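The structure goes in here before my notes.

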Amino acid sequence: MTQHIPKVVSERISQQDSERLTKRSAATQSYDCSKPRDDKYMTFEEMECFLKNLCENSTRASLTSIGKSTENRDIWMVHLRSEGPKAGGAGAIWVEAGIHAREWISSAVGLHLLKDLLQDDDGTAGHFDVYVVPMANPDGYEYSRTSDRFWRKNRSKTSKPECSGVDLNRNWGFHYGVGASDFECSEVFKGAAAFSEPETKALRDAMKKLKDNLKMVLSLHSYGQQLLYPWGYSKKETAPDTEELIEKGRVFADAARARHDKVYTVVNSAGDLYTASGATDDWAKGVLEVKYTYTLELRDEGFHGFDLDPSHILPCSEEVWDGLRALLKEILAE
Ligand code: 0X9
Ligand code: ZN
């Protein structure tokens, strides 16, 4: 079942929001909003302007706020409607980026993917309904940009006044609490309860609406150049469809490597990285039963880590697009 979201952006964005998105601060005025930046990491305000521009200028793209962050920023979702003979029939793809504040490359790649998906150069992506949330943690991102570069969590208040923030990738309700912390000051604080955070609630509710139609969920993170497949919550349990997850994952990695010779390894989350529950991928697999769910750790392999130069934005986006397109082609052929 395909979810129908109105295509005209103004149907979903209030007059007030629309004015705010158009009226930009002086710092953003040098950016014309027509394409994602590759010379620097964008401000949240620049991202909003780009998203609005993209959806106003395309008949296939629409923009919806799926909820508000703790500090009242919008969590934007772009829906790229399927087209062509298989329209709607190929299913839906979910791409989420920016859950971790300091992983700036993830949203940068998410924004570039939007442009590539819409351009759909070989007609693969257009068969799918694609939903992209390019900035899932806007408060954390802005805090990382302006106050604390290596901030990871969101910015909600906890019971400890001196420690804010919940790790949004430990807050999803599937085997909640394994490999996560109860301690508010920890980087991997799981929150007071599963889905205690407005950001994870918004993502969950939007994904639930697509439930039966979802073929793939891809969560963009950094760093490590790894395509992680579930489970993350346990080394002992094997996720359904593991063989196919690995097989399709290798298709991604081969195509990505062919672009700029960067190696992405296809590995099991708990077995090869570490045990951690409460992440998007496990919840989508375990609760929504989506066949293909991955976390993609982008560039680099650790030399610069989170502090990746913006010169990587373009090549990293290109290799991910090539990998994703090849993977989608395989899913389409199933
Ligand atoms: O620990 C995480 O949340 C992810 N790595 S990161 O360095 N970007 O923080 C990996 C999550 C993998 N998936 C699960 N553990 N389910
Ligand atoms: Zn991350």
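Predicted model: local features only at pLDDT ≥ 70, side-chain atom pairs only at ≥ 80, totals over all residues.

Phe44, Glu46, Met47, Glu48, Cys49, Phe50, Leu51, Lys52, Leu54 and Cys55 came out buried. I then looked at its length. Helix 3 runs over residues 44-56 and reaches 18 Å from its first C-alpha to its last. That is close to the 18 Å expected at 1.5 Å a residue.

Next I turned to aromatic rings. How many aromatic pairs does a search of the whole structure find? I got 11.

I took Tyr41 and Trp104 from the search. Tyr41 sits in the loop between helix 2 (15-22) and helix 3, while Trp104 belongs to helix 4 (residues 104-119). The two are 63 residues apart, so this pair links distant parts of the chain. I found both Tyr41 and Trp104 buried. Together with Tyr141, they form one aromatic cluster.

I also looked up Trp231 and Tyr233. Their centres are 5.4 Å apart and their planes are at 55 degrees, so this pair is tilted. Trp231 and Tyr233 are both buried.

Last, I checked charges over rings. Which rings does Arg155 lie over? One is Tyr143, with Arg155 over its face at 3.6 Å from the ring centre. Another is Trp151, where the charged end of Arg155 sits 4.8 Å from the centre.

Conventions. Residues numbered from 1 in each chain as written. Chains lettered and ligands numbered in written order. Heavy atoms only, no water. Helix = DSSP H or I, 4+ residues; strand = E, 2+ residues; numbered from the N terminus. Expected span 1.5 Å × (residues − 1). Buried < 20%, exposed > 50% of the residue type's maximum accessible area, 1.4 Å probe, protein only. Phe/Tyr/Trp six-rings, centres within 6.5 Å; stacked < 30°, edge-to-face > 60°. Lys NZ or Arg CZ within 6 Å of the ring centre and 35° of its normal.
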